[in-house]
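Subject: Structure for you to look at

Hello,

Here is the structure I said I would pass on. Please open it and keep it in view while you read the notes below.

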Amino acid sequence: MKSLCTFLVVAAGWVALPNFSVAAEQPNIMVFLVDDMGMMDTSVPFLTDEAGNPKRYPLNDYYRTPAMERLAAQGIRFNQFYAMSVCSPTRVSIMTGQNAARHRTTNWINPRQDNAGKNGAPNWNWAGLKEGDVTLPDVLRGRGYTTIHVGKGHFGPEGHEGAEPLNLGFDVNVAGAAFGAPGSYYAEKNYGAGTKRAHHAVPGLEKYHGSDTFLTEALTIEAKQRVTETVDQDKPFYLYFSHYAVHAPFDSDPRFADHYKDSGKPANAQAFATLIEGMDKSLGDMLDHLNELGVAENTLVFFLGDNGSDAPLGHQHEVACAAPLRGKKGAHYDGGMRVPLIAAWAKPNPDNTLQQSLSIPAGAIQHQVASVEDLFPTLTQLTAADVPESHVVDGAPLQTLLTGQTDADRPQQFLMHYPHGPHRSNYFTVWRDGDWKVIYHALPETKTTGGFLQFSDGNYELFNLADDPFESTNLAKSRPQVLQRMMQGLIEALQQHDAVYPVDDAGNAVVPQLP
């Protein structure tokens, strides 16, 4: 099973390549990562009806994402793709191919102080990634890639190696730092420099200060420039384009504000929508730029979010922010951890040799479960990158799923472990196996952000996502045998990943128990 039997990417060790062009032989790669974007924050319908056809919901008609529509039309979208419910765990999983329970960066990283929480796992990995860790950009660099980081980093706190992406395998870093939220999206406010949010001022963009260049646009200009420089050198590139959007503060992007002024939504929800549309324009601009450079046919694009939606549209545990999914960013429900994934060649051409090696169908929808830890093995396999034999990889390559096929041998499992609080959900573990999902609340009496009880009926929630995809009916008491089996799987998965646990007030580890 995926989470109980670790996938190992075996290699003969590091190989130094001579300095020759591999641009014609290796695909360019763009991972386009959007902060706090869930599966419903788009005009692209990811959910489907009983026949498997796309089904639109009201939020799909509220948001405007034509570039995402363009990308989805020429590639495949995943509608059961999972991320961790907060940002840093997902980002480290993309970099390493490991589940957060294994790499132990199980919470978002507060850049200035350890934020394990009152009863949080004391030995979690607050320091995040460090120099010398095996990372995706580092192994791709070993295959001749120029590795480019643009946007949000959030891989480690201030004063630690992970705060600087250049320490983690990237050749170029534009605007990446220890923090996750920008000081401001406005160049008029110097992206936070000189304001009360100066500790989150976006670095390296001083030439835009005082202009009217929205942060999303400035990052796009920078990304285009770095890609152009690499293409001019006839080298393949790995672009990790990690937008600060659509993370709070919800600064309205004036380019798109008129599109939502008559929506009837609150001002902050309208601003959130402008951030979505600005991010989407960036995607379209990048696709156009790749085409103008003549490298679009050789460039593979992965578009995804890093956790569930943070749309300011309602209660964090109800069907509101990500409707019809329940919950939002930070929550233990699927609205907190289901994210969009679209994979496509930037310009499809069935005669292209690289595309023939990975034929992605147009307008397809993949229904199988996958997660962010799968990107690392997918891209290292695709590029024949050498990964140290000692590096454990929890993810599995997506190649079969990317071609639109089903993979009967692939386990339909996902583990989300959050031994922290207070947040929108506290001290919880989620285990999905097939159609079933179990949630274990280690300290259910602890109130969440906002002062809510996250769950008032014991330690367990159980849902059948085939019959109840929006998690409305807890079956923990009515299906005791299933609960027992699912909790056994959850416990074994945590053990296999060598997970850390929250503690009670006496400092004792709170380990999940069978009902």
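How many of the residues of strand β7 (residues 237–243) are buried? The count is seven of its seven residues, so the strand is mostly covered, where buried means under 20% relative accessible area. Please keep in mind throughout that this is a predicted model.

The side chains of β7 leave the strand in two directions. F237, L239, F241 and H243 point one way, while Y238, Y240 and S242 point the other way, and all of them are buried.

β7 also has strand partners. Strand β2 (residues 28–34) runs parallel to β7, and six bridges join the two.

Next, the helices. Helix α2 (residues 66–73) and helix α7 (residues 267–293) have axes that come within 7 Å and cross at roughly 50 degrees. On the α2 side, the residues in the contact are P66, A67, M68, R70 and L71; on the α7 side, they are M279, D280, L283, G284, L287 and D288. Sorted by type, the residues of this contact are seven nonpolar, one polar and three charged.

Helix α7 also holds D285. Is D285 buried or exposed? Its relative accessible area is 17%, which is under the 20% cut-off, so D285 is buried. Leaving out residues up to four places away in sequence, D285 touches E217 and T220.

Helix α9 (residues 375–383) is largely enclosed by the rest of the structure, because seven of its nine residues are buried. These are L375, F376, P377, T378, L379, T380 and T383. Just after α9 comes A384, which takes a positive phi of about 55 degrees.

Last, the confidence of the prediction. The protein chain has an average pLDDT of 94, and 95% of the residues score at least 70. Residues 1–22 are another matter: pLDDT stays under 50 there, although the model has 58 contacts for this stretch beyond four places in sequence.

Regards

Terms used: Residues are numbered from 1 along each chain as its sequence is written. This is a predicted model: local features need pLDDT of at least 70, side-chain atom pairs count only at pLDDT 80 or more; totals for chains, interfaces and linings use all residues. Side-chain values use heavy atoms; hydrogens and water are left out. Axes are lines fitted to C-alpha atoms, for helices over the stretch in contact, and angles run from 0 to 180 degrees between N-to-C directions. Helices (H or I, at least four residues) and strands (E, at least two) are DSSP runs, numbered from the N terminus. Contact means heavy atoms within 4.5 Å. Ala, Val, Leu, Ile, Met, Phe, Trp, Tyr, Cys and Pro count as nonpolar, Asp, Glu, Lys and Arg as charged, and the others, Gly among them, as polar. Buried means under 20% relative accessible area, exposed over 50%, partly exposed in between (1.4 Å probe, protein chains only). Two strands pair if DSSP finds at least two bridges between them. pLDDT is the predictor's confidence in each residue, from 0 to 100.
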